[in-house]
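Visitor: I have a chain open on my screen and would like to talk it through with someone. Could you walk me through it?

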Amino acid sequence: MIMKVNINNQTLLSQSWIPRIGLGCMGMSGCYGQSDRTQGLKILDKAVELGYRHFDTADMYGMGENEKLIGDFLKNQNRKKLFIATKFGIKPDTQGRLTRFIDGSRAYVKEALEKSLERLKLDYIDLYYVHRRDPSIPIEETLGTLIELKQQGLIRGIGLCEVSLQTYKQAVNIHPIDALQSEYSLLSKEPENGILQACKENGSTFVAYSPMSRGLLTGCLDANSIDKVGDVRKSFPRFSPENLHHNLGLLSALEELAKSKQCHLAQLALAWVLHQGEHIHIIPGTRREKYLVDNFSSMHIELNHHELETLRTHFSKNQIIGTRYPEAAMSSING
């Protein structure tokens with residue numbers, strides 16, 4: 001039986017040397033079209049130079065290639081000054097193809113970690129996430145295995161991704177959860193239905209992925225941007241031709257405010273998320289140095305209460321058309 005332990009409000013990501021803006025590395029290994037490995041390594045090195053310290057990957061990104069990329073990047077870095085997070089749980093089939101099969105069993109947790117450590121060329125991972133909750137496995141079993149791995153020094157922190165408020169509460173009653181990661185942006189405010197507050201109360205860092213809504217909030221995206229081989233957004237409802245046209249039309253409020261702040265639309269969108277709570281971190285992804293610089297500097301943009309509420313109202317739920325994932329993927333979130 002797993003015994004409950006006391007909650008420690010000082011989580012790994014709340015350490016002062018880790019900025020609230022990290023780098024989401026998924027796009028460096030596909031998903032948004034063809035990727036350039038050499039360019040990816042250059043961007044990762046530049047990120048460290050700029051001040052990024054938190055790097056987020058997963059075993060499913062590029063079918064392991066993203067972790068290998070991070071592993072090569074780390075060869076020339078001071079590993080102790082970087083924070084590396086990865087995830088497990090979305091399992092490939094016997095032919096190595098990515099499926100929506102979720103596995104949170106004790107055996108698979110250990111197997112997945114061993115493979116991630118090998119690809120990353122590390123002897124420990126700072127933060128290990130349950131990428132998706134396996135509904136067939138009690139959360140106590142999955143967490144129990146992660147606790148063992150933490151006791152062995154193979155991982156330093158435990159995270160959850162896209163789980164329900166109920167699952168999160170179950171988890172923190174077993175062991176402190178260092179981070180909860182979910183999509184959160186002006187277009188995706190679901191975490192405000194209890195998750196953000198629960199994280200704050202229990203000392204978990206909330207990590208927002210896709211804080212620019214996969215490019216929708218940058219002002220640099222149109223139908224041609226995603227019309228390329230390997231761009232997964234083409235299958236996402238918000239990016240269907242008719243929905244994309246409508247959703248891009250919502251950017252007028254951002255454009256006016258961005259001009260007054262002398263910043264880019266993407267920076268404004270990132271700043272809005274950061275203003276929602278000090279316990280919130282963001283991990284925008286990019287493959288271009290210019291955006292890498294812009295994203296990091298968004299933490300210096302100040303928004304007053306009126307500006308924050310104006311943006312919130314303009315991007316209300318009933319204004320946005322299309323779910324953030326296709327139906328099959330939506331079924332595996334909020335578990």
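**Confidence and overall fold**

Guide: Gladly, and please keep in mind that this is a predicted model; the mean pLDDT of the protein chain is 90, and 93% of its residues reach 70 or more.

Visitor: Where does pLDDT stay under 50?

Guide: That happens over residues 1-8, for which the model has 16 contacts beyond four places in sequence. Where pLDDT is low, the predicted coordinates should not be read in detail.

Visitor: What joins β1 to β2?

Guide: Two bridges connect β1 with strand β2 (residues 54-56), and these strands run parallel. The bridge partner of G24 in β2 is D56, and D56 in turn stands opposite A85 in β3. Between β2 and β3 the pairing is again in the parallel sense, over three bridges.

Visitor: And β3, how many of its residues are buried?

Guide: Six of the six residues in strand β3 (residues 83-88) are buried, so the strand is mostly covered by that count. In a regular strand the side chains alternate between the two faces of the sheet. Both faces of β3 are covered, with F83, A85 and K87 buried on one side and I84, T86 and F88 buried on the other.

**Helices**

Visitor: Switching to helices: which residues of α6 are buried?

Guide: In α6, the buried residues are I195, L196, A198 and C199. They cover an arc of only 165° around the axis, which puts them on the same side of α6. The face turned away from that buried side carries the exposed residues K200 and E201.

Visitor: What do the buried residues of α6 pack against?

Guide: They pack against α5 (165-172), together with β8, β9 and β10. Just after α6 there is also a backbone detail to look at, as G203 takes a positive phi of about 75°.

Visitor: What about α7, which residues are buried there?

Guide: In helix α7 (residues 241-248), N243, L244 and N247 are buried. The arc they cover around the axis is only 100°, which puts them on the same side of α7. On the face turned away from the buried side, α7 carries the exposed residues P241, E242 and H245.

**Aromatic rings**

Visitor: I keep noticing rings. How many aromatic pairs does the count come to?

Guide: The count comes to five aromatic pairs. One of them is formed by Y184 and F206, which are edge-to-face at 5.8 Å centre to centre, with 90° between the planes. This pair links distant parts of the chain, with Y184 in the loop between β8 (179-183) and α6 (195-202) and F206 in strand β9 (residues 205-209), 22 residues apart.

Visitor: Are those two buried or exposed?

Guide: Both Y184 and F206 are buried. Y184 also forms an aromatic pair with W272, and this pair is tilted, at 5.9 Å centre to centre and 55° between the planes. Since Y184 lies in the loop between β8 and α6 and W272 in helix α9 (residues 265-274), the pair ties together parts that are 88 residues apart in sequence.

Visitor: How buried is W272, then, as a relative accessible area?

Guide: W272 has a relative accessible area of 0%, so it counts as buried, and Y184 likewise is buried with a value of 0%. Ring pairs link Y184, F206 and W272 into a cluster.

Visitor: Which residue lies over the face of Y124?

Guide: That is R156, placed at 4.0 Å from the ring centre of Y124.

**Back to α9**

Visitor: One last thing: what does A269 touch?

Guide: A269 lies in helix α9 and is buried, with a relative accessible area of 0%. Not counting residues up to four places away in sequence, A269 touches L186, P211 and L217. A269 and L186 are 83 residues apart in sequence, while their C-alpha atoms are 6.9 Å apart in space.

Technical notes
Residues are numbered from 1 along each chain as its sequence is written. This is a predicted model: local features need pLDDT of at least 70, side-chain atom pairs count only at pLDDT 80 or more; totals for chains, interfaces and linings use all residues. Side-chain values use heavy atoms; hydrogens and water are left out. Two strands pair if DSSP finds at least two bridges between them. Helices (H or I, at least four residues) and strands (E, at least two) are DSSP runs, numbered from the N terminus. Buried means under 20% relative accessible area, exposed over 50%, partly exposed in between (1.4 Å probe, protein chains only). The arc is that of the directions from the helix axis to the C-beta atoms. pLDDT is the predictor's confidence in each residue, from 0 to 100. Contact means heavy atoms within 4.5 Å. Rings of Phe, Tyr and Trp (its six-membered ring) pair if their centres lie within 6.5 Å; planes under 30 degrees apart count as stacked, over 60 as edge-to-face and the rest as tilted. A charge sits over a ring if NZ of Lys or CZ of Arg is within 6 Å of the ring centre and within 35 degrees of the ring normal.
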